[in-house]
Amino acid sequence: MAPLKFEEHIKEELDKREIAPSDRAWDQLSSQLSSKGRGNMKTKFFRLGIAAAIIGLLIVSMVYINRNRVMKKEDIKTVSAPAPVVKGAPATLPNNIGVEGNREVATTKKPSDVLVEKTNKTANKIVPSIAHTPIIAQEKNEKLVRGVEHRETKLVEKEWNGQDSLINAKIIEVVEQVDLMERTDISLTDAEVDSLLKQAQKELFAESKYLEGHSVDAMALLADVEGELDQNSREQLFEILKAGYIKVRTAVATRNK
Amino acid sequence: MKIISFYNNEKLLLKKAKSGNGEAQKWLYNKYAPRMLSVCRQYIKDLQFAEDVMVDGFVKVFKNLDSFRNEGSFEGWIRKIMIRESITYLRKNQPVVYDDELYERSAANQISETSYLDVEEIQLLIDALPDGYKMVFIMYAVEGYSHREIADILQVTESTSKSQLFKARKVLRDKLSELGVRNKTKGSGN
């Protein structure tokens, strides 16, 4: 038999052959298939779980970011800004106002005025809306208000410092009054001098208010309401007057000697 | 009648088996398992191991039904999987040595009459072959693979495949001649 014929015979015989598998073979196969199916289900659930977790994280982060944005918006509310008129700058402002509006504002104002104006602008911009903001925002607002007040108090000093001519005139007035009274042999106690200075302080304050009154300033009105701020300002002015009075008196006394 | 027509439609069954229908899978298994076990048995001497390999092969078949494109016959596709599984099993259990030494025994004894060989005897002849010879011989002579295909599947060179086939044929001829001589002796004794 030639090799090819012999191989054909083998092929035929083997192709015809069928071997019945045992019963356990199907059980084994079906159990393997079901376990694989369970494995697939587990994998599917695992993947779904991961996907759900990622989506959840995204939603939470988006909510968090949005809340932060809303809080920031509520935190800094822009109020219809009133005209940024410098409070208590009577010596320079009226002149500036009378410039017929042709000159640039920056060139007409003193550096101290510009500083005051800037602060007022910030004060105007950042107004806490306490009624509608959450607690955290309220705390922030309170801090802001405190900061603004502190700055305002500092600015009061600068304010009065910028009005030397007026104050000096008042001091001289007081000194002259005292001199006049002393010449007519009326001796004045310290308390009486103080009361004169107080009077001068009141007049100065009234004058400055009057000058301010020419400009319609929402911040000035607000400052009027805030008596506390005025109180500080008055005391400050009184101190300045007293110091000036003592200086002038000492200078006069030294000159007379 | 409806049931018969349902089960005759193999494409429909394959579709159902793909979606994990147990009945369809069992039907396909019952249809092809005996032939596939025969295929596995060609390569693996032990029937139990051959059955285990067949089961693993069917797991792969049902798991990868999506990759069957209905381009060739489903049986041919399963058969390929079974052959590969059997080869993997042989490789896993012991490294296959592709013996390049010439088979020293004489091939002079030619068999003139082999019609008495039944399938069991043929299987015994094949079982006696070394694994390297056996795999190449079955793939080439029984399954109809080319040397290139065999070289690809077994990851050997084409020349190795050819030499393995040559040696396998030689061994088989020797064995057949021995059997023939024995048979003749038996026949003359009777």
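Predicted model: local features only at pLDDT ≥ 70, side-chain atom pairs only at ≥ 80, totals over all residues.
**Charged pairs, rings and a surface patch**

The side chain of E203(A) meets that of K170(A) in a salt bridge, with 2.6 Å from N to O. E203(A) belongs to helix 8 (residues 190–213) of chain A and K170(A) to helix 7 (residues 164–183) of chain A, so this pair ties together parts that are 33 residues apart in sequence. As for K170(A), this residue is buried, at 6% relative accessibility.

Elsewhere, salt bridges that share partners join K11(A), D15(A), R79(B) and E143(B) into one network, and I would like to walk through some of its members. Because they are 4 residues apart in helix 1 (residues 3–16) of chain A, about one helical turn separates D15(A) from K11(A). D15(A) is partly exposed at 34% relative accessibility, and K11(A) is partly exposed as well, with a relative accessible area of 31%.

Over all chains, the structure holds 19 salt bridges, and I will show one more of them, between E51(B) and R24(A), whose side chains meet at 3.2 Å, N to O. This pair crosses between chains, running from helix 4 of chain B, where E51(B) lies, to helix 2 of chain A, where R24(A) lies. E51(B) is buried at 3% relative accessibility, whereas R24(A) is partly exposed, with a relative accessible area of 38%.

Turning now to the aromatic residues, the structure holds 8 aromatic pairs over all chains. In one of them, the ring centres of F49(B) and Y89(B) are 5.9 Å apart and the planes stand at 35 degrees, so the pair is described as tilted. The pair links distant parts of the chain, since F49(B) is in helix 4 (residues 47–63) of chain B and Y89(B) is in helix 5 (residues 74–93) of chain B, 40 residues apart. F49(B) itself is partly exposed, with a relative accessible area of 41%.

There is also one aromatic cluster formed by W26(A), Y29(B), F58(B) and F62(B). In chain A, a ring meets a charge: the charged end of K198(A) sits over the ring of F238(A), at 4.4 Å from its centre.

Two further places deserve a moment. D131(B), in helix 7 (residues 131–142) of chain B, is buried, with a relative accessible area of 16%; D131(B) and Y43(B) are 88 residues apart in sequence, while their C-alpha atoms are 8.0 Å apart in space.

Finally, which residues form a nonpolar patch on the surface? They are F46(A), I50(A), I54(A) and L58(A), which together have about 410 Å² of accessible area, and L58(A) is found in helix 2 (residues 23–75) of chain A.

Notes
Residues numbered from 1 in each chain as written. Chains lettered and ligands numbered in written order. Heavy atoms only, no water. Phe/Tyr/Trp six-rings, centres within 6.5 Å; stacked < 30°, edge-to-face > 60°. Helix = DSSP H or I, 4+ residues; strand = E, 2+ residues; numbered from the N terminus. Buried < 20%, exposed > 50% of the residue type's maximum accessible area, 1.4 Å probe, protein only. Lys NZ or Arg CZ within 6 Å of the ring centre and 35° of its normal. Patch = residues over 30% accessible without salt bridge, like charges linked within 9 Å, V, L, I, M, F, W, Y side chains within 5 Å. Areas by Shrake-Rupley, 256 points an atom, 1.4 Å probe, with all protein chains shown as cover. Salt bridge = Lys/Arg side-chain N within 4 Å of Asp/Glu carboxyl O.
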